[in-house]
Amino acid sequence: GECGDINCMLTRVKPGCETVRDDFLEFSVAKIKDYVNENHIVYCSLGPGCLYFDWKLIDRLLKDGVGVAQVWLLERAYRGGCGGRQRGL
């Protein structure tokens, strides 16, 4: 999922912003590749929500040869009555 709020800077529903998430993905991949060396990275995401962007980013890094040693996801939405989301993890 993603934010559908027209005032959100990362929404694709706002006219002229249709590629904002893909652009941010490309920017993120480029910056990570600039700083990573032969070692693997440890990926940590704070409040990722439904994990779609994180999934795309990690998948892209792996395809580009960046090793991912660990993934840490810190999200309060999966505590307690998560409505089945925890089972999907």
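Tutor: Two strands pair if DSSP finds at least two bridges between them. Keep in mind that this is a predicted model.

Student: Thanks! In which sense do β1 and β2 pair, and over how many bridges?

Tutor: Here β1 and β2 run parallel, joined over 6 bridges.

Student: How do I read the side chains along β1? Which point to one face and which to the other?

Tutor: The side chains of β1, residues 41-46, alternate.

Student: Let's take Leu46. Why does Leu46 count as exposed?

Tutor: Exposed means over 50% relative accessible area. Leu46 has a relative accessibility of 66%, so this residue counts as exposed. Leu46 belongs to strand β1. From Leu46 to Leu73 the C-alpha distance is 6.3 Å, although 27 residues separate them in sequence.

Student: Now the second largest pocket. Which residues line it?

Tutor: Its lining is made of Leu51, Asp54, Trp55, Ile58, Asp59, Leu62, Val71 and Leu73. The space in this pocket comes to about 170 Å³.

Student: Which elements supply at least two residues of that lining?

Tutor: Those are α2 (52-63) and β2 (68-74). The largest share, 5 residues, comes from α2.

Notes. Residues numbered from 1 in each chain as written. Predicted model: local features only at pLDDT ≥ 70, side-chain atom pairs only at ≥ 80, totals over all residues. Heavy atoms only, no water. 1 Å grid on protein atoms, 1.4 Å probe; cavity = no way out; pocket = protein on both sides within 12 Å on 5 of 7 lines; lining within 4 Å. Points joined across faces, edges and corners; volume = space filled by probe spheres on them. Helix = DSSP H or I, 4+ residues; strand = E, 2+ residues; numbered from the N terminus. Buried < 20%, exposed > 50% of the residue type's maximum accessible area, 1.4 Å probe, protein only.
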